[in-house]
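Here is a friendly walk through one chain, written to be read with the model open beside it. Please take a look at the sequence and the fold, and then read on.

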Amino acid sequence: MDRRLSWFAGGVVALIVAGGCGLGGNDAQPVPVAAVPTQTSEVPASEAPASEAPTAESAVETESPSPSASTKTKKAKAKPKPSRTSATPTEDPNNFQLPECAHYEGKAVSKAKAKAALKAAAARRYWPGSAPGLTVPGRLVIATAWHESGWTSNVVNCDGGHGLMQVMPDTEAFINQRFEQSYDATDYKQNAVLGANYLAWLTKAFGDTHFKGSYDLSAKKCRTHASPCLLNMVIAGYNMGRGAVDAAYEDKEIPNPGYVDSVRSLMTSCFCDKY
C-alpha cells in the first residue's frame with residue numbers, strides 16, 4: 001500500500017535514502033508498516049510484556065598527552081580524537097510534507113514527551129517467559145519513529161497509519177490479540193508500545209526462523225545496511241511485513257534496502273537528538 005508521504009533526504013551526514021512507507025518516503029513496492037504479520041508455529045503462546053529500566057551508556061575515556069622531553073619545556077597539545085559517532089545535524093534534513101489525503105487528529109504532544117514515551121516502550125520486555133533476554137534497542141525505536149512520523153503523535157496517514165510509530169489498524173489488532181492486550185494506537189504512549197512490541201515480535205520470529213534462536217540486534221552483526229542480518233530484517237519487516245522479508249531472505253536480500261538504510265542512518269545520527 002502506498003504510504004504517499006515523504007521525507008526528502010539531505011543534511012550534512014547524507015543520512016536518508018528515502019524509502020518505505022510511513023512519513024519517511026516510498027520504496028518501489030511499498031507495503032504498510034503494519035502489514036498483517038503472519039503467525040507461524042515458531043512463535044510460542046502469548047505473553048504479557050513486563051517493564052524494565054534501560055541500561056546506562058558507558059563513558060568514553062580520554063588520554064592525557066605525554067610531556068615533552070626537550071630542555072625548553074613546552075606543553076604538548078593533545079590531538080583531538082575522532083568522534084565514534086556522527087555529529088547530530090544542526091538542521092533537520094527531512095522536509096515533511098503532509099499530502100492532502102492525510103490529516104491530523106487532536107493536538108500533538110511535545111517532542112520531549114514523544115521521546116520519553118518511545119524510550120519507555122523500548123525498555124519493556126515483550127517476551128518475559130520464552131525469551132526474557134530479548135530486548136529492542138531504544139535507538140531502533142527512536143529512529144524508526146522519527147522516520148515514520150518525525151515524532152508527530154497526531155498524524156494519520158493516507159493508508160490509516162497512526163501516530164508516532166504509524167501503527168496500522170491491522171497491526172494494532174494483531175498485537176492486541178497475540179499478546180492479550182488492549183492498546184490504543186490513538187494514545188501516543190500506547191502507540192509507542194504497539195510499535196516496539198511489533199519490533200519485538202519480528203525479532204523473535206526472524207530469530208527463531210533464520211538465526212537459530214539468536215535475538216542479537218547488534219549492528220556489528222550486519223556487513224552493510226543491505227545485508228540480511230537480523231537488525232536489517234526487523235527494520236525491513238516493520239515496513240513491509242514479515243512475509244516479504246522471509247521471501248527475500250531466500251535470495252539473501254532485503255526487499256526494501258532504501259527504507260532500511262534510512263532507519264540505520266538515523267540510528268547513527270538523527271536531528272531528533274536535539275530534543
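Among the contacts in the chain with a separation of 6 or more, 70% are between residues 24 or more positions apart, where a contact means heavy atoms within 4.5 Å. This is a predicted model, in which local features need pLDDT of at least 70 and side-chain atom pairs count only at pLDDT 80 or more, while totals for chains, interfaces and linings use all residues. Residues are numbered from 1 along each chain as its sequence is written, and side-chain values use heavy atoms, with hydrogens and water left out.

The chain has 275 residues, and 47% of them count as buried. Buried stands for under 20% relative accessible area, exposed for over 50%, and partly exposed for values in between (1.4 Å probe, protein chains only). Seven helices and two strands are found in the chain, in the order β-α-α-β-α-α-α-α-α from the N terminus on. These elements are DSSP runs numbered from the N terminus, with helices (H or I) of at least four residues and strands (E) of at least two.

**Helix packing**

Axes are lines fitted to C-alpha atoms, for helices over the stretch in contact, and angles run from 0 to 180 degrees between N-to-C directions.

| Helix pair | Angle | Axis distance |
|---|---|---|
| α1 (residues 111-122) and α2 | about 135° | 8 Å |
| α2 (residues 138-149) and α7 (residues 257-268) | about 120° | 8 Å |
| α3 (residues 169-178) and α4 (residues 188-210) | about 70° | 10 Å |

The α3 and α4 contact brings Thr171, Glu172, Phe174, Ile175, Asn176 and Arg178 of α3 together with Leu194, Asn197, Tyr198 and Trp201 of α4. The crossing of α3 and α4 is left-handed; that label applies if the near helix is turned anticlockwise from the far one by less than a right angle, and right-handed applies if clockwise.

Helix α2 takes part in the other two pairs, with α1 and with α7. At about 120°, α2 is oblique to α7, and their crossing is right-handed. On the α2 side, Arg139, Leu140, Ala143, Thr144, Trp146, His147 and Glu148 meet Tyr259, Ser262, Val263, Leu266, Met267 and Thr268 of α7. Helices α1 and α2 are oblique to each other, and α1 passes α2 in a right-handed crossing. Here Lys111, Leu118, Lys119 and Ala122 of α1 touch Gly138, Val141, Ile142, Ala145 and Trp146 of α2.

**Rings and charges**

Rings of Phe, Tyr and Trp (its six-membered ring) pair if their centres lie within 6.5 Å, and planes under 30 degrees apart count as stacked, over 60 as edge-to-face and the rest as tilted. How many aromatic pairs does this rule give? The count comes to ten aromatic pairs. One of them joins Phe271 and Tyr275 edge-to-face, with 6.3 Å centre to centre and 85° between the planes. Phe271 is buried at 8% relative accessible area, whereas Tyr275 is partly exposed at 36%. Ring pairs also link these two residues with Trp146 and Trp151 into a cluster.

A charge sits over a ring if NZ of Lys or CZ of Arg is within 6 Å of the ring centre and within 35 degrees of the ring normal. Arg178 has its charged end over the ring of Phe179, 5.5 Å from the centre, and Lys204 lies over the face of Trp127 at 5.3 Å from the ring centre.

**Three loop residues**

Most residues other than glycine have a negative phi. Trp151, in the loop between α2 and β2 (155-156), has a positive phi near 60° and is buried at 1% relative accessibility. Lys252, in the loop between α6 and α7, has a positive phi near 55°, but Lys252 is exposed at 51%.

Ile254 also lies in the loop between α6 (242-249) and α7. Is Ile254 buried or exposed? At 7% relative accessibility, Ile254 counts as buried. Leaving out residues up to four places away in sequence, Ile254 touches Ala226, Ser227, Pro228, Asn232, Met233, Ala236, Ala248 and Val260. Ser227 is 27 residues from Ile254 along the chain, yet their C-alpha atoms are separated by 6.8 Å.

Notes. Angles under 35 degrees count as roughly parallel, over 145 as roughly antiparallel, 65 to 115 as roughly perpendicular and the rest as oblique.
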